[in-house]
Amino acid sequence: MPKAFQAAGWLNGLISTIVVGSIVIFALHVLLHGIYELCKRKRVPQLNYPDAMALALEAGPKYLRFLSFTARSTIDFILAFYHFGVCSAYVVFIADNLRELTDYYGYTFDVRFYIFALAAPLVSIYLIRDLRSLVPLNALADAMICISIKWFCIFYLVGLCIVFYYVLRDLPPLSDRRAVGDIKAYPLFFGTVLFAIESVGVIISIEAKMKLPKDFLGLCGLLNWGLGTSLLLYILIGLFGYWHYGDTVKDSITSNLPLDDIFPRLAKLMFAVAIFFSFSLQGYITIQVCWRRYADYLGLKESHPLEYVLRIAIVLGTVMAAVMSSELVLILSLVGSFSLSYLGLIFPGVMDFCMRYSFGFGPCKIYLWQDVFLVIFGLVGGAVGTWFSIVHLFVNYENES
């Protein structure tokens, strides 16, 4: 986020983060309300995103109904690509922090060495299909899950406090920083903000697992509280990170912390460990889409040897993607611009349009304008951001070669 604020300028970044974040949260409300409505119409307790999109297209205008045949596979592909990109970004983040720590102690290696070195440990945790299948007693498995979550939260919160401590002290005059950045760099900001704020697959999964799903939406629902808090933290990190370090800010704010002190080194280590154990959680969606959803079509059972081959291939793919471009911010921008503009903006607008097509769009066709806005905003922002990221990733790859 500080790198994104550097691209946009502190004032433009502050306003744009609030605007883009608010639009994203609103679009998620549109998406979840649409899924609720489809569940009522089809009289089913639950629908996943791909099935809901296909059913909405079938209920829409005739000229869009043919898209229902490919809707499931399209959303599956974008979801898989998104979480694959997240895993690649995780690999780069962990490698960067490990390299900086070992550099401090006098052991200097290229960052690609650390990326390749992470392949074996990441494969080992990604091959674990289900913790309960490894532990005979469910109670013990639940206890291990709770302990893991608690330690993850502790590492994350302590690391965050350390970052804020160093970012907020000795701030230079705000007038030394650009209020508005170069418009050519704005797509980088857009993709990074989308990546930071939104995780459609996780949000839908949380809602589906809640005892009281109705508490998820609404003005004071869990969605607004959760994403609102995240948005506030991203704004604070982005604004004060850029304010403190200016044009010297790096892709990850932890890379700017002074290593001479023990606490920044601890923060790097804690974030690296926390992200390492999150790798398999993010990769869960990828394997869910690539294997479990289509294994039935091939007549393959769960825990088939080919599943483990695919898991290894996914890890090696994320490692190779990280090696091709170790610029963290460009990976984040590409994944955010391409995947989340579709999943979080365009598709919710299309779904709502199709569902309201036969019932009307409200007074003055307000819901039609709402859906058109979401689709256009997602298309323009996603297309420009994706093109910008691909071009800069290609240039960066040529430079590294």
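Pro187, Leu188, Phe190, Gly191, Thr192, Leu194 and Phe195 of H10 meet Val329, Leu330, Leu332, Ser333, Val335, Gly336, Ser337, Leu340, Ser341 and Leu345 of H15, contact meaning heavy atoms within 4.5 Å. This is a predicted model, in which local features need pLDDT of at least 70 and side-chain atom pairs count only at pLDDT 80 or more, while totals for chains, interfaces and linings use all residues. Residues are numbered from 1 along each chain as its sequence is written, and side-chain values use heavy atoms, with hydrogens and water left out. Helices are DSSP runs (H or I, at least four residues) numbered from the N terminus.

**H10 with H15**

- H10 packs against helix H15 (residues 328-356) at an angle of about 65°, the axes being 7 Å apart; axes are lines fitted to C-alpha atoms over the stretch in contact, and angles run from 0 to 180 degrees between N-to-C directions.
- H10 and H15 are therefore roughly perpendicular (65 to 115 degrees).
- H10 passes H15 in a left-handed crossing, that is, with the near helix turned anticlockwise from the far one by less than a right angle (right-handed if clockwise).
- The contact of H10 with H15 comprises 11 nonpolar, 6 polar and no charged residues; Ala, Val, Leu, Ile, Met, Phe, Trp, Tyr, Cys and Pro count as nonpolar, Asp, Glu, Lys and Arg as charged, and the others, Gly among them, as polar.

**H2 with H10**

- The axes of helix H2 (residues 10-42) and helix H10 (residues 186-197) come within 10 Å and cross at roughly 45°.
- The crossing of H2 with H10 is right-handed.
- Among the residues in this contact are Asn12, Gly13 and Ser16 of H2 and Tyr186, Phe189 and Phe190 of H10.

**H2 with H12**

- H2 and helix H12 (residues 222-245) have axes that come within 10 Å and cross at roughly 160°.
- H2 and H12 are therefore roughly antiparallel (over 145 degrees).
- H2 and H12 cross in a right-handed sense.
- Contact residues include Trp10, Leu14 and Thr17 of H2 and Leu223, Asn224 and Leu227 of H12.
- By class, the contact of H2 with H12 has 12 nonpolar, 5 polar and no charged residues.

**Lys268**

- Lys268 belongs to helix H13 (residues 262-298).
- Lys268 is buried, at a relative accessible area of 1% (buried is under 20%, exposed over 50%, partly exposed in between, with a 1.4 Å probe and protein chains only).
- The side chains of Lys268 and Glu100 are joined by a polar contact of 2.2 Å (a pair of N or O atoms within 3.5 Å; within protein, one must be able to donate a hydrogen and the other to accept it, and residues adjacent in sequence count only if both atoms are side-chain atoms).

Notes. Helices (H or I, at least four residues) and strands (E, at least two) are DSSP runs, numbered from the N terminus. Angles under 35 degrees count as roughly parallel, over 145 as roughly antiparallel, 65 to 115 as roughly perpendicular and the rest as oblique.
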